[in-house]
Structures are given as structure tokens and as C-alpha cells.
Amino acid sequence: MNYQVLIQPTAFEEIETSYRWICDNLSPEIANNWYYELQDAIASLKKFPNRCSVAPEAAMIGREIRQLWVGKQKKYRVLFIVEEDIVAVIHVRHSRQSYLDEQSE
């Protein structure tokens, strides 16, 4: 079964913000590499998204939110929800950011 992957506006904004930060503070080349690696990881959710672990904040929020770690050093988490044949990417967060709370969802 193939899932349709939708990036929600909040996640899109977080991707843009991270990209700009990497570009400004590291280099455009590193930012581009990060972006393409992230896009490949998100695209991989089209098949078997439930292979990813349940995110720690799922219990507090009361909803099954899964996480996909991105990068060799696992610095970013793609947080998403699976509903029927749709994967909704709701956040893309750096590992140093705090966990979501009920208001963040």
C-alpha cells in the first residue's frame, strides 16, 4: 500500500526556518544537502510509515504521533500522524528542541 504524504503548513514553516538557519550559519551547500536528505526521508514515508517509533509526546497529547529520525547524527525528527492512507507531517524539529506539548500539536 502506498500512502499519500502531506506536509502541513507548520512543518513547512519549520523546514524553511531550519534551511535558512543552516544556510546562514553553516553554508548553502550544507543546507541543500540537509534539505535533500530530509525530502528523501519524508518521501520514504509513502511505504511503511508505521515502521517508525511512536514519539514520546504521543502519550501526553493522547494521539498516536510517530517520529522519523533524519540524518546520520539523528539531529532532526519528522513528526507525523498516519490516518488511513494519509501520512500528515505535522512538525520537523531539531533534536535540541523540547518535546511537543498539547498546544504545539
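This is a predicted model: local features need pLDDT of at least 70, side-chain atom pairs count only at pLDDT 80 or more; totals for chains, interfaces and linings use all residues.

I start at a pair of strands. S4 and strand S5 (residues 86-94) run antiparallel and are joined by eight bridges.

I looked for a cross-strand pair here. Leu79 stands opposite His91 in S5. Next, the connection. S4 and S5 make a hairpin, and two residues lie between them. In that turn, Glu84 has a positive phi of about 55 degrees.

Then I turned to the other partner of S4. Strand S3 (residues 66-70) pairs with S4 in the antiparallel sense, over five bridges. The hairpin of S3 and S4 has five residues between the strands. Gly71 in this hairpin takes a positive phi near 100 degrees.

Is strand S4 largely enclosed or open? I checked burial along residues 76-83. Six of the eight residues of S4 are buried, so the strand is largely enclosed by the rest of the structure.

Now a helix. I picked Tyr36, which sits in helix H2 (residues 28-43). Is Tyr36 buried or exposed? Its relative accessibility is 53%, and the cut-off for exposed is over 50%, so Tyr36 counts as exposed. I also took a distance from this residue. Tyr36 and Arg63 lie 27 residues apart in sequence, and their C-alpha atoms are 29 Å apart in space.

Stepping back, I counted elements. The chain has three helices and five strands. Along the sequence they follow the pattern β-α-α-β-α-β-β-β. The radius of gyration is 13 Å, close to the 13 Å that the globule rule gives for 105 residues, so the chain is as compact as a globular protein of that length. The C-alpha trace spans about 40 × 30 × 25 Å along its principal axes.

Of its 105 residues, 37% count as buried. I looked at contacts between residues at least 6 apart in sequence; 47% of them join residues at least 24 apart.

Last, surface and charge. The accessible surface comes to about 6,700 Å², and 49% of it belongs to carbon and sulfur atoms. The chain carries 12 positive and 15 negative charges. Their mean positions are 8 Å apart.

Conventions:
Residues are numbered from 1 along each chain as its sequence is written. Side-chain values use heavy atoms; hydrogens and water are left out. Helices (H or I, at least four residues) and strands (E, at least two) are DSSP runs, numbered from the N terminus. The radius of gyration is taken over C-alpha atoms; the globule rule is 2.2 Å times the number of residues to the power 0.38. Buried means under 20% relative accessible area, exposed over 50%, partly exposed in between (1.4 Å probe, protein chains only). Contact means heavy atoms within 4.5 Å. Accessible areas come from the Shrake-Rupley method with a 1.4 Å probe; for residues, only the protein chains shown count as cover. Lys and Arg count as positive and Asp and Glu as negative; His and the chain ends are not counted. The place of a charge is taken as NZ of Lys, CZ of Arg, CG of Asp or CD of Glu. Two strands pair if DSSP finds at least two bridges between them.
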